[in-house]
Every structure is written in structure tokens, then in C-alpha cells.
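Here are a few exercises to work through with the viewer open. Try each task yourself before you read its solution.

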Amino acid sequence: MASGEVIKRAKYKTSVKDPGTPGVLKMTWDKLVLVPNNPNSAMKLDVSFKSIKGYKNTKEGSNKPPWLNLSNNQGGSYIFEFDSYSDMHVCRDFVGKALGRSGDAPAVASGRSDVILPDERISTSEMELRIKLLRENRELQALHKQLVIGGILTEAEFWATRTKLLEKESSKKSKQRPGFKSAMISDIKPSTDGLTNKVTFNLTPEIILQIFAERPAVHAAFLTRVPSKMTEKDFWTKYFKAEYIHSTRNAIAAAAEAAEDEDLAIFLKNDDILAKEARQKIRQVDPTVNMEADIGDDYTHLPDHGFFLDDGKEASESQYEQYRRTLAHDINHHAAVVLEGRVLEMDLDDTRTIAEALAKSKRADVGNGDSDRNFNQGTIARVSRLTEIEGLQALNGPPVAPLCIKDPRDYFDSQVNALEVLGDQSSGAERSKCPLSSKDAYGSLRDCISKIKAKGIHEPVIKPKDALQVFNALTHDISRTKYGAGENRQQSVLDKLPVETKGQLLQHWTSIQELLRHFWSSYPISSSYLYAKVTRLKDAMSQIYPQLEEIKKSVPAKHKQHVSVLVRQMHQALDAAFQHYDVDMQKRSAASGERPNGYV
Amino acid sequence: MPSSSSSSAPTPAAPSKMYADDVSVVVVLLDANPFFWSSAASPLPFSSFLSHVLPFLNSVLLMNQMNQLVVIATGRNYCDYIYDSSAPTNRKTGNGKMTALSCDLVAKLEEFVVKDEKLGKGESNGAVMSSLLSGSLSMALCFIQRIFRSGTFHPHPRILCLHGSPDGPEQYVAIMNAIFSAQRSMVPIDSCYIGALNSAFLQQASYITGGVYLKPQLMDGLLQYLTTVFATDLHSRAFLQLPKSVGVDFRASCFCHKKTIDMGYICSVCISIFCKHHKKCLTCGSVFGQAQSDAASETNKRKTIRT
């Protein structure tokens, strides 16, 4: 690699999505040249290393093609896709040396703040996220194209404000851990070749892990005996032999075999460790009973009134009890293990490592769990709380002093005063006057009543058309309050505009927002980089300004008002930015105006 | 203050056990204020009003055999029961022109008006006076309490207020007390207000207790309004869309002068409302401001001097 140049075949891409122009990349210490294979293509590239300030590349081993991304001073980037990773590595090393040689370390030349520097070595996963986001979000893609590819913003700046989006994307990646299979391990079927009497079991690390998780006694036996007392192959042979004996459901035979072979005995007997765990769990069950009756206590509607008729149990002999395995027990335990999930996340190669890792994780679990003592205290507290039944308690005195009216007479006296006061005031002129004296009023009321008594109720009480009118009015009112209340029934202004205008306006709006965000965040200008950035942004904004004017003019008359309102807002935002820029420039020129000869 | 008269009576705050879903017990408060009915504020004459209300009451009893109806008349000076559907003294048949209910009710109503007039002092200062809504609300709630404590199975009662007279601010405290007690017993108060402007009391009552407030626009169709909105039982209301009040007038009256006020002073102990600043709460006697601590320190000083 001592030669001063590197020549490799590469494809040159202007952006990540660009398919790339194939060509030949030639790099010397001071510049790099790309000659496209197609002589008519306009993508010839001749870049001096002085303008290159950093590089990134995709990692070998990821699914991405070998890319080398060189970013230049103006914020643009050149992406080269190589045929192989080794090619890319060669070029990358060369670029690094070239950059080092040209005397400008990537960090210093750009004058960037430290925050941006680590970004230059952007990881492949980050790159993937960005590409994915761009692919999914059309608007973002358009914005990216306009700003970054157009050279107004750099990639880093563009993505700097969107870290949240990237985070969200990355968290969307499924972090699911595959769990155990729900098929029971007793279903592991061996394969037989029809010739010999041998059966062959195929054990994968997954199966072994599941066996160890479900049968802690087997796990313990493995740890103690292999490889000291027996080989792994012997171990598994004995294990499957025991499984076979169990499958015959012959407890007596199991006892006989166990008596002969001590190792087999471990597999044949019931799992001690499991039993211990089960006993511990039983201790942790809540002894309190909730006496409140609910729908579940309604036994009268169940068939048989809730009594379950039992089949008689077979008489069993106690000495064979420990060799008997019940299906229910197996299924329950299997289900418990599967639901608990797998805790190991490592490469499962060797049985020994599996066993040890499982043992370690189990020890960690036990250490974290509640100790019995704490648990008992908790139970006692809970029990004491729950046995209080309201009706059985002695009446407590009220916890607070009751509100008492100190002197009832005060209250009623105030009422009397109020009545007297009221006699003079009548609140609201809304009350209409009753022209009649009380005698007349009562008289007229009595007349009404006697009229009804004499004539009966006026028939028909209500005319059909009035009833219909009432129905309609009520329906209208009810549906209005139900569906219409609180909703703005007006369509949004934007929807009324023709589609292209709306699209253009929205796009301009988003780009203006982005530009302004970067613009305002660059102030106060503290470095030449920021100065350059601000100038770039201002140029871009000045370009957008007349485009908005054009939109305003091109819109048909009926929408002109709405559009002009929207455009005016955008103009105002831009004007504020321009004003600030001008003021700042003046200050700078005033400050630097002291220097003679126009030094800046 | 919960207290049970019999061991089987439910606590007053708990809802009753219904033996069938769609039975209702309705307590109707009928406005019989002569000053309102004879004034220009009433949109229809009392006879028309009765001719709409009586068929409605009949139809309520028609909907279910077990329905119970109680009518309380709200007069100017007096309130009384004028009909109880479960009373054994009801007549069985009508008189050909009207149903039994209507005959009984009208007869009782006549007696009621006579008595109301007798109790009045005969004053009339030209303003339409309010009727005794607080009295009839309290009577209704007492009746409902009697139902609660009877121990038998009964459907959940509700109150329907057919009212037209304007609000009397002097009744504010009593009405609010009745409303809160209805809220606690979970008794909805529905109101059909046929007066000129909205009644703040009835709007608040329906809002707080979860009832329906209606101000009918077409008086000719009053019967239709009543049967559409107020005839159904409480259980079926879960499936129906009933008119919702868009706004509620929450104005209160001050406790000292009974003026309707929007802003005032409130005692932090008993939440009584006053229109102007007082040193002491008129309801609960708690002293406002610094006076308490000064009094305490004074007594301390006196004690030390003595010792």
C-alpha cells in the first residue's frame, strides 16, 4: 500500500437511493477521480481531498453492500459502492491516509462542534434506519432531497433534529425473544432405521435447553455427572431409556429398573426439585378468602348445583407412587415453563454451556425473589386488613368533628330577614306582571278545574300534525347535541384548494419550517461553519420567497383570499429571518469595519 | 346520618332491588300556582295543561301493571298529595267522561286550590310569585324515603316536575338541600318547564341528579313531549337518547339576602354563599380571617397575667 494511488471499480451514487453509475475510481494522494464506464454519462467526478472532510462506510457482516461515503466541505456526500468489502477497505484506508496527509484532520477542517463529530462514524444500523425512514415517509424524502441533496443542509444537520424519529424507528424493531415450543418434549420422536433395533434421537441445543428448563433434576444430574462420571452420550441414552420406561406406564417395571441402575433412578423418580418448588409456591398462596358474594357464587344456575361427580380413584401402592407420573402434572409444568419464557440469550453450542448458563440464571432468580420472611410479614398485614367486616365492628366515633350549626336561630333569623328584604326587591325585570288580584287568580284557577270536571278532557288531546312536529323537533335537537356539539363542521381551508396548490403550499411550508429551524439555531454565529451555513440557508429561503408569490398569483380567484392569508404568514416568517440576518450582517461589518483594507 | 328502622331495610344511599326492570315509581309535582296560570307568562291555559297532563298520567299507569304514581300539587302557600295510585280509596271506574284517575285527581285538586287560597294572606303586589317548589320537593323526597324504608321490593323512584312558575331565590337553600339529598339517594329529578325563561333551579336539579330537563317549544304538542321523554322507566333510559341540556345556569342566591349572584364570598367550612363580606358565617358560625387567632392570643395573655 505504499503506492500513491488506488484504482478500483466502483459505482458512484449521489444519494443513498441512487442506483449508481458504474465506473472506475482512481484515488491519488491529493484527489480522487471517477470515470464512468459510459462515456456519455455526465457523472464524471473530480474531487480534491482538500474538500473531503470525512468518510463513513458500511460494516462488513451486515446485509448492506460495501459503501464508502465521503462527505465534503459543502455538506454534500459522495457514495461509492464497491464490488467487495476488501476493495472498500482498501479505499477507505487510502482515504484516511490521504486525509491525514493533506494536513487537515477531519475534525479541524470543518470547525464543527463536538456534537457532530461522532456522527461521522455513523453505524450501519443508523444508516439503515435513515434509509428506512426516508423510504416510508414521502414528505421526509422530498424534504431530504430538496435540502440535503441540494446542498443546503448536511446529512448530519438534517438528522440531528430528527433523533426522536430515529429512536422510534429503532424501537420498532422487534425485540421479541423466541420462546420455548409448546409441543411437549415427551413428543420427541426418535428415528428408526428399519434394519437394526436401534433408535436415534436427534438433540439440538434448543431441545436440550427445554429439557433442562422443564426438568430441574435432570439439569442438576447433568451438572454433577457429566463429564466426570459419564459421557454426555451415556447421559442422554439413560435419559431416553427412562422416558421409554415411563411411556409404558408401568410403575413396577420402573421401580425394578431404578433399583438396578442408580443413574436411571434419577430419571425415573419424580423430580425432587420440582416438588420443593411446588411446596414453596403453595406457601405463598393467599390464605384469605373474599367473603363478598358475586355472580360466581350463584350456584343455583349451574348444572348439578356445582357438585362435581368424581370417578373413583384407582387404588395405588405407595411404594410405586414415586415412579408414577401423571399427565396432568406434566402438562401443567410444561405450560408453566413455556409461559415463563426463555431467559438465555446466547449462542447455544455446547450442552455444558447451556447447563451452566441456565444454572446461573436460576440462581439469579432465586436471589432476587422475596425471602420467606418478608412475604410472611406482607401476608400478615394483608390478612389483618381483610378481616374487617363492617357490620361486625364496634362503631367508631366519627373521625372528624361533626358540622353543627352553632345557633340555629341565627340561620332562621337570617332567613326571615331575607324574606323581608325580598319583598322590596324583585330580581329581574324578566318576571311578567300578574294583573289579577289573588282572589281573581284563585277564582280563575277554580273555574278551569270545574270546566274540566264538567266537560271532561278536550278531545282530541293532541292533533297528529302537532305530534309529528314535536317528534321532528325532538329528533333534530337530540341528534344535533349528540353529533354536532363541539365539532367544527367546517372543512379545513386547505381541503378546498386544488390539489397541486395544496401540495405545493404544504411542501413549501415544511421546507420553510426546516430552514428556519436551522437558521435560528445557528445564531449567534460563533464559527465560520455556522456563518457558511447561515448564508446557505438564507439563499435557499430567498429562492422560496418568489415561488410563494407565484403560487399566490396562479390560484383561481375564489381561493385567492385563503391562499394569500397562508402565504402572508409564510412571508412574515421569512421576513423576520431576513431582517435578523441583515441586522446581524450590519453589526458584523460594523465590528470588522474597524479593520482597514476590508479584512473580514 | 344513616340509621335503619328495621333490620331488613336497605341503607338510604343504596339503590333498591328491583323485581322487574321496567317498573317505575313516579312522583309528579304539578304546579298549581294561580298567579302563574292566570298571567301572560303561561303559554297555555290551565285547562289545556290539565288536558295534556291527565292522559299522560293515565298512560304512565297503563305501561306496566306495577307502576305507581303519586301526584303532589305545588301551590303558592301550600303543597299536598292529590293522587296516589296505590291508595285503596281510589275509585274504580270513571264517570264516562274521564277516567278514574282523572276524576279523583281533579276533585282533589279543587279542594287543594280552596285550601291554598285560605292559607294565603291575600297579597298580590303585581309580580308573579313563585310557587312552593322547595316544599313539594321535600314532600316528594320524604315519600320516597318511606318507600325505601318500607322493606318491600320496589322499583327505583324518580321525580317529575311539571313546573312553570319562576324561581324564588328565597328558596335557594332549601331547594339545593333537596337536590343534594335526591342526589345521594340516587333519585333523578326530571323537569318539564313551561314558563317563559329557563329555570335555573330545575336545570341544576336535573343536572346534578342525572335527570332530563326539557323546555318544550310547541305547547300544542305537550302530551307528545311528555310521553316521548318522560314516560319511560329508569332502566330503559340506558337505551334511549333523551334530550340533553346544552348549558346549565349555575347561578346561586346569596344566603343573606337571597339575591341571585354570580360572584360572592364563600365560607370555607360550610360552603354558604354571601354577597358581601361578613366577619362570621351566618350558617355555621365560623369566624373568618384573623379574628380567631387574636382571640386566642388574648385569652392566653389574660391567663398569664392571672397566674
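The exercises below concern a predicted model, and each comes with a worked solution.

**Exercise 1. An open sheet in chain A**

Task: Find the strand order of the open seven-stranded sheet in chain A, and decide which strands form its edges.

Solution: 
- Start by reading across the sheet: the order is β4-β3-β2-β1-β7-β6-β5, and the pairing is antiparallel.
- Next, look for strands that pair on one side only; these are β4 (45-48) and β5 (52-57) of chain A, the edge strands.
- β5(A) pairs with β6 (residues 67-72) of chain A in the antiparallel sense, over five bridges. Within this pair, A:Lys56 stands opposite A:Asn69 in β6(A).

**Exercise 2. Two salt bridges in chain B**

Task: Compare the surroundings of the pairs B:Arg91 with B:Asp104 and B:Arg158 with B:Asp190.

Solution: 
- In the pair of B:Arg91 and B:Asp104, the closest N and O atoms are 3.1 Å apart. B:Arg91 lies in the loop between β3 (79-84) and α3 (100-119) of chain B, while B:Asp104 sits in helix α3, so the bridge ties together parts 13 residues apart in sequence.
- B:Arg91 is partly exposed, with 39% relative accessible area; B:Asp104, at 13%, counts as buried.
- For B:Arg158 and B:Asp190, the closest N and O atoms are 3.6 Å apart. This pair links distant parts of the chain, from strand β4 (residues 157-163) to strand β5 (residues 189-193) of chain B, 32 residues apart.
- Both B:Arg158 and B:Asp190 are buried. Shared partners also bring in B:Arg237, which joins these two in one salt-bridge network.

**Exercise 3. Chain B as a whole**

Task: What share of the 307 residues in chain B is buried?

Solution: 
- Buried residues make up 53% of chain B.
- For context, its secondary structure comes to eight helices and ten strands.

Definitions and conventions
Residues numbered from 1 in each chain as written. Chains lettered and ligands numbered in written order. Predicted model: local features only at pLDDT ≥ 70, side-chain atom pairs only at ≥ 80, totals over all residues. Heavy atoms only, no water. Helix = DSSP H or I, 4+ residues; strand = E, 2+ residues; numbered from the N terminus. Buried < 20%, exposed > 50% of the residue type's maximum accessible area, 1.4 Å probe, protein only. Pairing = 2+ DSSP bridges. Salt bridge = Lys/Arg side-chain N within 4 Å of Asp/Glu carboxyl O.
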